[in-house]
Amino acid sequence: MKQTIIRTGLETLYFTGLHHFMRPLVGGIGAILTLHHVRPARPEAFQPNHLLEITPEFLERLLRRLRGANLDVISLDEMHARFLSGDFKRRFVCITFDDGYKDLQRFAYPLLKQYGLPFALFIPTSFPDRLGELWWLALEAVIAQNSRIGIVINGEDRFFDCGSVQEKRELYDSVYGYLRSMTSEDELRHFVRDLAVRHGVDMAVFCRDLCMDWPEIVELATDPLVTIGAHTVNHNMLKKMADESAVRAEMAMSRAVLEAALGRRPQHLAYPVGDPTSAGPREFRIAAELGFKTAVTTRPGVLFKAHRDHLTALPRISVNGDFQRQRYLEVLMSGAATAMWNGFRRVNAA
Ligand SMILES: [Zn+2]
């Protein structure tokens with residue numbers, strides 16, 4: 001639904017050229033990009049998580065464009081320094097990757113290295129510890145590998161056919177929506193664990209097969225282009241955790257584990273999932289209290305000077321696998337699309 005709105009909005013903005021007109025108004029001082037997977041296109045028709053991946057070719061076009069543009073690609077530390085000193089003479093872009101997937105190292109890192117561009121990597125420490133639950137992929141696998149699945153809703157067994165690609169897509173969307181509407185993360189995890197067990201999907205394989213291990217992260221961290229940031233331990237939607245001290249522990253513990261592994265204390269944080277249902281004012285305050293220089297959400301938006309007072313509630317622009325066209329990205333980075341999205345509010349930290 002939201003995606004359709006964004007896409008329609010983008011097309012409209014692009015074709016009317018409105019974004020050029022709005023640029024001085026909404027362009028802001030810079031933007032932080034969010035990426036997840038970078039890997040070659042896959043043939044499967046059922047790819048409900050496709051929005052989380054782009055191809056290496058698309059990344060290379062993006063990097064070439066960024067390097068050729070009249071802006072600076074900078075590290076999160078440099079962004080923080082510019083906010084503190086009020087140095088906004090040149091627009092800037094920060095590149096960030098969430099979750100620490102192996103494909104980053106294999107396909108994205110060589111390109112970033114070749115173009116000499118700094119980037120940050122947000123690691124949930126349970127992923128390299130091989131204890132992470134990539135529940136959205138487990139759900140995808142359950143639906144991909146079965147033509148009928150059973151779900152317990154309110155203690156009652158319900159069965160759903162998902163033989164065709166269309167049925168799989170629809171079922172994924174409804175179950176995903178149902179999971180995201182749950183009030184606690186424990187409930188969500190319990191549901192997916194149970195579903196995976198009953199349909200022969202081993203949840204441990206996603207972490208093992210897709211995520212970097214500690215030696216790989218440690219090696220990457222030695223490159224001065226690389227900033228490693230915290231992304232909690234268990235990749236929980238923090239806002240759904242009732243206990244404030246548990247939220248604090250998720251942030252502080254992931255930073256401590258990364259510091260122990262890397263010999264350097266992470267200064268930046270990304271909230272898992274990061275939308276308004278996953279991170280809100282309580283999380284922004286705790287991140288600031290813990291002394292993180294910056295913390296990023298997935299709320300869509302470009303940066304303004306006013307974000308100086310909201311450095312633990314920064315918006316990002318998602319480089320989304322469903323929008324792998326440069327013109328989409330140009331519109332997003334101009335700030336016009338996200339300004340409409342945000343109702344022309346510059347800072348959205350409520
Ligand atoms: Zn994440």
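This is a predicted model: local features need pLDDT of at least 70, side-chain atom pairs count only at pLDDT 80 or more; totals for chains, interfaces and linings use all residues.
Q: How many helices and strands are in the chain?
A: There are 14 helices and 12 strands in the chain, where helices (H or I, at least four residues) and strands (E, at least two) are DSSP runs numbered from the N terminus.

Q: And how much of the chain is buried?
A: Of the 350 residues in the chain, 41% are buried; a residue is buried if 20 or more other C-beta atoms lie within 10 Å of its own, exposed if 12 or fewer, and partly exposed in between, with C-beta atoms placed from the backbone.

Q: What about contacts between residues at least 24 apart?
A: They make up 72% of the contacts in the chain between residues at least 6 apart in sequence, a contact being two residues whose C-beta atoms, placed from the backbone, lie within 7 Å.

Q: Let's take α11; what span should it have, and what does it have?
A: Helix α11 covers residues 244-262, and its 19 residues should span 27 Å at 1.5 Å a residue, which agrees with the 27 Å between its end C-alpha atoms; the expected span is 1.5 Å times one less than the number of residues.

Q: Which of its residues are buried?
A: In α11, Val-247, Glu-250, Met-251, Ser-254, Arg-255 and Leu-258 are buried, and they fall within an arc of 110° seen down the axis, so they line one face of the helix. The arc is that of the directions from the helix axis to the C-beta atoms. As background, an α-helix has 3.6 residues a turn, so residues three or four places apart point the same way.

Q: What do those buried residues pack against, and what is on the face turned away?
A: The buried residues of α11 pack against β6 (119-123), β9 (226-230), β10 and α12, whereas the face turned away from them carries the exposed residues Ser-245, Ala-246 and Ala-260.

Q: What follows α11?
A: Gly-263 follows α11, and its phi is positive, near 75°.

Q: Which residues other than glycine have a positive phi?
A: Asp-99 has a phi near 85° and is not a glycine, and Val-273, also not a glycine, has a positive phi of about 65°.

Q: Where is Asp-99, and is it buried or exposed?
A: Asp-99 sits in the loop between β5 (92-98) and α5 (102-115), and it is buried, with 23 other C-beta atoms within 10 Å.

Q: And where is Val-273, and what is it in contact with?
A: Val-273 lies in the loop between β10 (268-270) and α12 (281-289), and it counts as buried because it has 21 C-beta neighbours inside 10 Å. Leaving aside neighbours within four places in sequence, Val-273 is in contact with Met-237, Ser-278 and Thr-298. The C-alpha atoms of Val-273 and His-235, which are 38 residues apart along the chain, are separated by 8.0 Å.

Q: Switching to α7, which residues are buried and which are exposed?
A: In α7, Lys-168, Leu-171, Tyr-172 and Val-175 are buried, and they cover an arc of only 105° around the axis, which puts them on the same side of α7. On the other side, Gln-166, Asp-173, Ser-174, Gly-177 and Ser-181 are exposed. The buried residues of α7 pack against α6 (135-145) and β8 (156-161).

Q: At what angle do α6 and α7 pack?
A: α6 and α7 pack at an angle of about 145°, with their axes 10 Å apart; axes are lines fitted to C-alpha atoms, for helices over the stretch in contact, and angles run from 0 to 180 degrees between N-to-C directions.

Q: Which residues make that contact?
A: Leu-139, Glu-140, Ile-143 and Ala-144 of α6 meet Lys-168, Leu-171, Tyr-172, Val-175 and Tyr-176 of α7.

Note on methods: Residues are numbered from 1 along each chain as its sequence is written.
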